[in-house]
Amino acid sequence: MKTKKILFTGVIAVMIAVFAISSCKKEEEPAPIVTPPTVSPTDSTSQTTRASDQTNVENESNQAMDEANDALMGVSTTRGVQATCGYTIDSSQKAIGKITLNYDGITVCNGKKRSGSIAIQLPYNGTTITTWSTAGATSSLTFYNYKVVYTADNKSLLLNGTHTVKNVNGGGLVALYFGTPMVNKVRSHMQISFDGGTAIEWNSAKLRTITYNNGTGVLKASMAGDSIYNSENIAMWGINNMGDHFTITVPTAFSYDIWNPITNCVYKPLTGQIVYSGIAYEITLTYGVNQDGTYPFIGTCPWGYKIEWDTNNGSLYAKIPYPF
């Protein structure tokens, strides 16, 4: 029983700052630019690349944040289980609410190697550290040459930039345990390179809700777009590696398990849709499908997601397996 309590505390700790994923972008900025059509409507390779790049960036950001938050809580006054894999924790600045994760670039964890570092900072006014459970508290997480290399195909993803998150309603472990969801307002500004290419711009404005089922022990996250640029549900925007000025909206919030002791199916989006716009032929991504593309999926874990886009000759679609 004691072991379960420690594990539960550590897992919830993962979530408590998990949503510290983003650097504040001011809402007065000009709206994203729409790119005119430049590709063939039947160019499925380009469409698949756009969709998979976006999905991988979002997943790696989420996983890194959860890992960082677990480590942060592990060196605070809250006890936690630190399931480190391929990184060490520098807690020499924990007195000011800061720790750093340093990745070795050698150890293979879940099919990938990681290098670089992530610095995590809790609110600190020069005298005291504001606990994350305080309503309105804002934390930051900064990526320094954080590189992910997938061992299956040697493809890579390099992230630099900062994420900030506001704990809108406050509350922490106890509140979540007793059924009060945690709501986080997320902002981010990142520079991302795929396979050593030119860095692209990737931003986000999201509302994320964390819930815990005390009966099943499942810790779940759901994400919806926030209101920005006087538009509803814009969740992400930037310039992709094809030069498109894209925007992403979330007509149906998507969700995934942060922790699931029953299926261990974590970080694989289970439900939801996003719309990838500002490109020649708008793409709809539907998460949580079977291998044959049917939705919702049947079984323990979804196989992947499908993408669809309209052309002058009808609709086209492709299926993409989750690489994580």
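Biologist: In which strand is the place of Ile239?

Modeller: In this model, which is a predicted one, Ile239 belongs to strand β9, made up of residues 231-239.

Biologist: Why is Ile239 called partly exposed?

Modeller: The relative accessible area of Ile239 is 28%, and a residue counts as buried when the value is under 20% and as exposed when it is over 50%. The value for Ile239 lies in between, so the residue is called partly exposed.

Biologist: Which residues is Ile239 in contact with, leaving aside its neighbours within four places in sequence?

Modeller: With those neighbours set aside, Ile239 is in contact with Ile200, Glu201, Asp244, His245 and Phe246. As for Ile192, its C-alpha is 10.0 Å from that of Ile239, and the two residues are 47 residues apart in sequence.

Biologist: How many helices and strands are there in the protein, and what share of the residues is buried?

Modeller: The protein has three helices and 14 strands, and of its 324 residues 50% are buried. If we take the contacts between residues at least 6 apart in sequence, 58% of them join residues at least 24 apart. The accessible surface comes to about 14,200 Å², and carbon and sulfur atoms account for 53% of that area.

Biologist: What makes the pair of Glu58 and Lys206 a salt bridge?

Modeller: The closest N and O atoms of Glu58 and Lys206 are 2.7 Å apart, and the rule asks for a side-chain nitrogen of Lys or Arg within 4 Å of a carboxyl oxygen of Asp or Glu. The pair therefore meets the rule and is called a salt bridge. Glu58 sits in helix α2 (residues 44-74) and Lys206 in strand β7 (residues 200-212), so that this pair, 148 residues apart, links distant parts of the chain.

Biologist: How do you know whether Glu58 and Lys206 are buried or exposed?

Modeller: Glu58 has a relative accessibility of 6%, while the value for Lys206 is 1%. Because buried means under 20%, Glu58 counts as buried, and Lys206 is buried as well.

Biologist: Which residue forms a salt bridge with Lys112?

Modeller: The partner of Lys112 is Glu60, with the closest N and O atoms 3.0 Å apart. Here too distant parts of the chain are linked, as Lys112 is in strand β3 (residues 112-121) and Glu60 in helix α2, 52 residues apart. Lys112, at 3% relative accessibility, counts as buried, and so does Glu60, at 1%.

Biologist: What are the relative accessibilities of Asp257 and Lys220, and how is each residue classed?

Modeller: Asp257, at 4%, is under the 20% limit and therefore counts as buried, whereas Lys220, at 26%, falls between 20% and 50% and is therefore partly exposed. The side chains of these two residues meet in a salt bridge with an N to O distance of 2.6 Å. This pair joins strand β10 (residues 245-259), where Asp257 lies, to strand β8 (residues 219-228), where Lys220 lies, across 37 residues.

Biologist: How many salt bridges does a search of the whole structure find, and which residues are linked in a network?

Modeller: The search finds seven salt bridges, and a network of salt bridges links Lys185, Arg187 and Asp226.

Biologist: How many cavities of 30 Å³ or more are there, and what lines the largest cavity?

Modeller: The count comes to two cavities, and the largest cavity holds about 120 Å³ of space. Its lining has 13 residues, of which Thr55, Glu58, Asn59, Phe254 and Pro269 lie nearest the centre. Helix α2 gives the largest share of this lining, five residues, and by class the lining divides into eight nonpolar, four polar and one charged.

Biologist: What volume does the second largest cavity have, and which residues lie nearest its centre?

Modeller: The second largest cavity has a volume of about 90 Å³. Among its 15 lining residues, Asp53, Gln54, Phe194, Ile200 and Asn240 lie nearest the centre. At least two lining residues come from each of α2, β6 (182-194) and β7, and α2 gives the most, with five. By class, this lining has eight nonpolar, four polar and three charged residues.

Terms used. Residues are numbered from 1 along each chain as its sequence is written. This is a predicted model: local features need pLDDT of at least 70, side-chain atom pairs count only at pLDDT 80 or more; totals for chains, interfaces and linings use all residues. Side-chain values use heavy atoms; hydrogens and water are left out. Helices (H or I, at least four residues) and strands (E, at least two) are DSSP runs, numbered from the N terminus. Buried means under 20% relative accessible area, exposed over 50%, partly exposed in between (1.4 Å probe, protein chains only). Contact means heavy atoms within 4.5 Å. Accessible areas come from the Shrake-Rupley method with a 1.4 Å probe; for residues, only the protein chains shown count as cover. On a 1 Å grid over the protein atoms alone, a cavity is a set of points where a 1.4 Å probe fits but cannot get out, and a pocket is an open set with protein on both sides within 12 Å along at least five of seven lines; lining residues have an atom within 4 Å of a point. Grid points are joined across faces, edges and corners, and a volume is the space filled by probe spheres set on the points. Ala, Val, Leu, Ile, Met, Phe, Trp, Tyr, Cys and Pro count as nonpolar, Asp, Glu, Lys and Arg as charged, and the others, Gly among them, as polar.
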